[in-house]
Each structure stands twice: as C-alpha cells, then as structure tokens.
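Work through the following exercises with the model at hand. Each task is followed by a solution in steps.

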Amino acid sequence: MPPRLSAHPARLSVLLSAILFLAAIWIVLPPAAPWMLYPAVGIPELSVYVLALAVLIETAVARHLRVSRAARLALVLSSASVALAIVPLAQAGFAVPRLEQAMRDAFGAAVMDDARRPGAAETRTRPIVAADLFRGIDGGEERVTRGIEFASPEGVPLHLDVHTPVAPGTYPAIVQIYGGSWQRGQPGDNSGFSRYFAARGYIVFAIDYRHAPRWRWPAQIDDVRTALAWIRGHGAEYGADVSRIALVGRSAGAHLALLAAYMPGGPPVSGVVSYYGPTDLAAGYREPPSPDPIDIRRVLEAFLGGTPDRAPEVYGDASPVTYATHPQPPTLLVYGGRDHIVLPRFGASLRDRLRATGTPAALLLLPWAEHAFDAVPFGPGAQLALYHTERFLGWALQSADRRSR
C-alpha cells in the first residue's frame, strides 16, 4: 500500500492545483475588465508552462489516489488544467499549414523561401520552435541609437530610435509604430522585435507620435508622415535603403501604419504589416466586442473627438477600409481569434476589400490568441507571427527585379 499523504502536503497539492486551474481557465474565459486582459492575453501564450506544471502535480499525487481524498481532488483540478492547456497548443499546431497556405495564396510560393541575407543572423527555420517556448528567442546583436528628435509639432518634441545591424552596409528599412489606444506608448516599446530584425539585416526606425485625448486625429497620422519624410531624408545616414521601406504596427500603431501606407500623398512603401489593427472605426464603434474590457467607444471618442453620427467624415478619413478602393502596397494582417479589443472580422473585411482591388493581402488568424498576444514574445502566437512576418518582409523588401509574385 502506498504511504498516506500527510495533511500538509495534501493541502499544498490541492492549493497548487487550484491556483493552476484558476490560471488555466483564462485560456477560455473572456476579459470583462481592463485588469482581466493581463491573464487573458498571457496565459494562453504560456500554456506550455501550465501543461508542464499540471503534469508535475499529477505525477506527485498519483501514488496517493487510493488513500487520499485531497490527492484525488488535486488530480481532478490538474487534469482540468492539462485539458485547457492543450487547447492553444493543439490549435497552434493545426494552424501552421493553414497560415502557410494563406501566405502562398496571397504572395506566391516565393514568400515562404528562407529570408536570410548573407552576413545576417539566422532567420527562423520553423514556425514554432518548442525549445524557444521555454528559453525565449535569441534576438541577436544590434547597434541602437535612441532619442533622435525628428520633429517638434506645436512644441511637442517627437523622437525615434534607430536599430541597425552590427556590420556596416546598406539595408532595407522597417518603420515600427507602437500601439496603446492612441493614448500612450513610446518608441522603445517592442524593442525586442526591433533588435531581432536589426540583427537580421534591416534598419529599424521605431517612431513616436502625439497622444490623444490632448492631441486628436489627424495629429497622429501627421506625425507618422513627418517621421517617414525624415527617414527618407536622413535614413541613408544610418545605412537605410530608403527605396525599400516597410511599415509594421501593433493595435493603434497598426492602424496608423495602414493609413500611412494607403492614404494618398504619402511616401511610397513596399509593404505593411498590421498586428491586430483597427480598420473600420465607425463599425468598430457601432459593433464593439462583447465583453468590451477597455470601452472601445470611449477610446474612439477620445481619439476622434466625437461619435460616428456626429463626425462621420472624421471616422471615414481615419479608417483604412476607406482607402481599399484601388491597389495598395502588399499587406499582412495578423489577428487573434479571441481578440476582445479589435474583432478579427474587421481584418478579414479589409483583406477581402484589398484583394478585390488586386492588392496582395493575407490574413493570419490565431484561433486561441487575444489582443496583444505577442506581449509574450516567445509564446506560440508571437513565434508564428514572427516567422511569417519575417518571410513577408523578406519578400516585400526585395528589389523589384527579384520579386516573384
């Protein structure tokens, strides 16, 4: 007969398994308040840790199931955690061939070629590297210059950071635009992404813009366009080939990236990547997510100065879908299937409109993921997004005579 589990370890096993289950439930539980976004975003991307801990608890209590009610309860709770943790991992595995097919359908077979350039650090060879789920992703080496002032509209100094490869040379450019509901953020956000691409043969300009509600639309797109003009005028000083520029943004920054790529009169770009960016602001106002943890209507009113009924022209001008009426730069759209800030169907709508104009556009949908899923930079969502973004940029930023569509 196995030894009886003493009272203290029994209580501890139940406590640990209960805590783990309360964490795991966020894999399926939608966020109804701002604080709930943290576990709803993070736990699905950390599901491999939930799985590992749950299996450890199951192993520890297995010997005591016949003699300990606490052990049996701990087993039930940890088994439920295992079942929940398997969901995003299984969905990620099933998503891999579908995402690759979406890329090939939109951009041609060449888009999935190895994006590595001579002298650059290695690109990712697999969509998800299991070891990286635990050890993180090695960003590589870079040089970075921070706090370069590129403009001072109405006395507000705006800065950018420049991330460059260690080896001197001329490289294509990426302009990164941070998110934050148009109300917060700084160029140093997502610096791991900037470092990764700088180490792999890109010049990355991480730019700033003025924030709502003090500065409302169109101040933000004006600032992005000013930054792009500065980059075209000064980028060569940092080794950038300003004839090859792509835009990458997240959330509100993705919205601005899409607009900067699509609106008439702006500098030409070779491609644009939107991570969970708003595309139709009037529809987003009228059809908010449910639950709505950050009060989307309040955010949009702070940004645009009113409602769609009172300011329809403003909402139209500030919506990327408005400009999807003629060919636009190649576009990669990445959304979480459980996004409760920007519904993924808005990304699908933009993709369909772009395709109708002949624009190469792909939507990558991650079924388990919430908004800002790449806040866990080594999770399955971030790995999949990085792998496909890397290939899209390698394809889009090739010189025209080498590009294969």
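**Exercise 1.** In E7, which residue is the bridge partner of Val 273?

*Solution.* The model is a predicted one. Start from strand E6, residues 271-275, which pairs with E7 in the parallel sense over 4 bridges. Among the bridges between the strands, Val 273 has Leu 332 as its partner in E7.

**Exercise 2.** State whether the residues of E7 are buried or exposed, and sort them by the way they point.

*Solution.* Thr 331, Leu 333 and Tyr 335 point one way. Leu 332, Val 334 and Gly 336 point the other way.

**Exercise 3.** Classify the packing of helix H3 against helix H4 by angle and by hand.

*Solution.* The axes of H3 (residues 47-61) and H4 (residues 69-107) come within 8 Å and cross at roughly 155°. Angles over 145 degrees count as roughly antiparallel, so H3 is roughly antiparallel to H4. The crossing is left-handed. Residues making the contact include Leu 51, Ala 54 and Val 55 of H3 and Ser 78, Val 82 and Ala 85 of H4.

Technical notes:
Residues are numbered from 1 along each chain as its sequence is written. This is a predicted model: local features need pLDDT of at least 70, side-chain atom pairs count only at pLDDT 80 or more; totals for chains, interfaces and linings use all residues. Side-chain values use heavy atoms; hydrogens and water are left out. Buried means under 20% relative accessible area, exposed over 50%, partly exposed in between (1.4 Å probe, protein chains only). Helices (H or I, at least four residues) and strands (E, at least two) are DSSP runs, numbered from the N terminus. Two strands pair if DSSP finds at least two bridges between them. Axes are lines fitted to C-alpha atoms, for helices over the stretch in contact, and angles run from 0 to 180 degrees between N-to-C directions. Angles under 35 degrees count as roughly parallel, over 145 as roughly antiparallel, 65 to 115 as roughly perpendicular and the rest as oblique. A crossing is left-handed if the near helix is turned anticlockwise from the far one by less than a right angle, and right-handed if clockwise. Contact means heavy atoms within 4.5 Å.
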